[in-house]
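Work through these exercises with the model on your screen. Try each task before you read its solution.

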Amino acid sequence: MSSRNRVAVIGAGLAGCEAAWQLSRLGIGVDLYDMKPQKMTPAHHSPDLCELVCSNSLKSMRLENACGLLKEEMRRLGSLTMEAAYQNRVAAGDALAVDREGFARYITEKIKSRGNIKTICKEVEKIPEMPVIIATGPLTSDGLSSAIAELVGEERLYFYDAAAPIIEAGSIDRSKTFRASRYGQGADYINCPMCEEEYKRFWEELSMAETAPVHGFEDALVFEGCMPIENLAKRGYLTMAYGPLKPKGIFEPKTGKEPFAVVQLRQDDAAGTLYNMVGFQTRLKFPEQKRVFSMIPGLEKAEFARYGVMHRNTYINSPKVLAEDFSLRRNSSIYFAGQITGVEGYVESAASGMMAGLFLGCRMLKRPPPKFTPDTAMGALARYISAEAKRGFQPMNINYGIMEPIPRRFRNKEDKYRLYAERSLEQINMIKNDSGF
Ligand SMILES: Cc1cc2nc3c(=O)[nH]c(=O)nc-3n(C[C@H](O)[C@H](O)[C@H](O)COP(=O)(O)OP(=O)(O)OC[C@H]3O[C@@H](n4cnc5c(N)ncnc54)[C@H](O)[C@@H]3O)c2cc1C
């Protein structure tokens with residue numbers, strides 16, 4: 001791996017295949033490495049490239065949904081992932097669901113028949129000394145993980161992630177909540193108070209709610225400190241009330257008293273558009289999260305920017321080490337893409353691969369790079385992974401909460417998101433016209 005005119009892309013999943021494709025379209029040769037099928041991660045099973053490891057849905061196509069916008073941006077700019085998805089679409093209402101085998105086969109055939117992409121079946125353990133995009137995903141193999149940890153200066157990169165849901169601030173019913181910190185030390189949190197009756201009903205539903213299937217490797221490293229909320233509920237009626245829902249030192253302004261229990265929401269982004277449910281890491285199925293967590297006073301109409309999830313997740317502290325073009329700040333010939341950068345989801349991973357491929361390709365060809373501002377869903381993701389995080393950096397799905405706000409009032413959410421989408425697609429059309437991507 002020594003050529004200076006080629007790029008090594010490590011990992012031929014969602015991000016790696018898209019990155020390789022974009023480089024190839026720019027006329028740059030690619031060595032695309034994947035350890036499959038010689039060695040499989042615990043979630044990969046198919047010998048084909050670009051495998052969807054779980055759901056076969058690439059989520060909503062509606063532009064009122066930020067993931068719908070992200071897909072449309074990618075489609076307009078010539079994404080291979082989008083081409084394969086539309087070619088292998090199965091009926092799923094307004095969602096873009098695919099025949100997963102057809103999807104992976106389509107991409108594999110396209111990549112393998114592309115003259116300037118060479119696919120190489122190998123587990124990479126050292127970072128090659130040539131322009132490189134590392135796209136080995138949340139289940140990056142151990143050897144390479146250690147090399148990356150050394151490169152970015154972290155001791156370990158993986159977590160058994162039990163993330164709590166994130167809610168759009170605008171969807172919280174503030175007439176039922178109040179701002180306060182424990183023991184009157186500020187007003188940083190939004191508090192959702194519960195009387196005993198409300199707590200009891202919530203506890204009953206939560207204890208019986210359906211959890212998502214667990215992969216064998218996941219349970220081993222779950223720490224007490226990030227125990228899923230439903231596990232706490234199952235331990236006993238009052239366990240949550242003495243744990244994350246404890247009301248100690250939180251006084252309701254109306255009564256001046258502590259409620260029976262309280263759910264706290266913590267600001268999650270610098271703009272204050274997103275709130276994290278404190279202590280609510282969970283592996284409930286997504287519809288169950290919506291159903292049960294909407295029982296919390298103030299969250300009846302909550303919009304979930306991200307549901308809670310639990311699985312092993314390898315990702316770097318991107319805001320500390322990556323620039324907005326996905327290159328390493330300390331070494332501009334090393335790029336990262338995909339879930340390892342802290343974007344979350346199939347489409348988001350492919351989108352980051354697309355950006356990394358275009359940015360690196362343009363740099364090598366000394367062409368001006370495409371300008372994705374945070375008015376676009378792609379640019380918002382690039383900003384999210386590279387801008388200073390308000391608190392510990394956490395992986396994130398695309399959502400309108402991380403895009404540049406439009407500072408005016410809207411009659412309803414549909415109008416608002418439609419305008420976000422129009423603003424974005426105008427910019428994408430300009431990028432397409434200016435650069436010919
Ligand atoms: C169990 C699980 C379930 C998920 N379910 C969903 C879901 O339903 N919907 C959703 O939107 N997102 C889901 N995700 C999150 C995420 O969208 C996917 O993981 C997505 O595939 C990430 O894309 P990627 O390109 O970053 O990594 P991947 O698609 O995982 O691609 C990485 C590739 O790198 C290869 N690789 C790893 N290490 C090496 C190495 N050292 N050398 C060479 N090759 C290597 C792997 O074999 C793999 O092919 C899930 C994640 C996990 C772990």
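**Exercise 1.** Into which domains is the chain divided?

*Solution.* This is a predicted model: local features need pLDDT of at least 70, side-chain atom pairs count only at pLDDT 80 or more, and totals for chains, interfaces and linings use all residues. Residues are numbered from 1 along each chain as its sequence is written, and side-chain values use heavy atoms, without hydrogens and water. Step one: find domain 1 (6-157 + 315-435) and domain 2 (166-311). These bounds come from an automatic or database domain assignment. Step two: take their C-alpha centres, which lie 31 Å apart.

**Exercise 2.** Find which residues are the closest to the ligand.

*Solution.* Step two: look for polar contacts (pairs of N or O atoms within 3.5 Å). A backbone N or O atom of Tyr346 lies 2.9 Å from a ligand oxygen atom. For Gly345, a backbone N or O atom lies 3.3 Å from an oxygen atom of the ligand. His44 uses a polar side-chain atom, 3.4 Å from a ligand oxygen atom.

**Exercise 3.** Explain where the second largest pocket lies relative to domain 1 and domain 2.

*Solution.* Step one: check which domains line the pocket. Domain 1 and domain 2 both give residues to the lining of the second largest pocket, so this pocket lies between them.

How values were computed: A residue is near a molecule or strand if one of its heavy atoms lies within 4 Å of it. A polar contact is a pair of N or O atoms within 3.5 Å; within protein, one must be able to donate a hydrogen and the other to accept it, and residues adjacent in sequence count only if both atoms are side-chain atoms.
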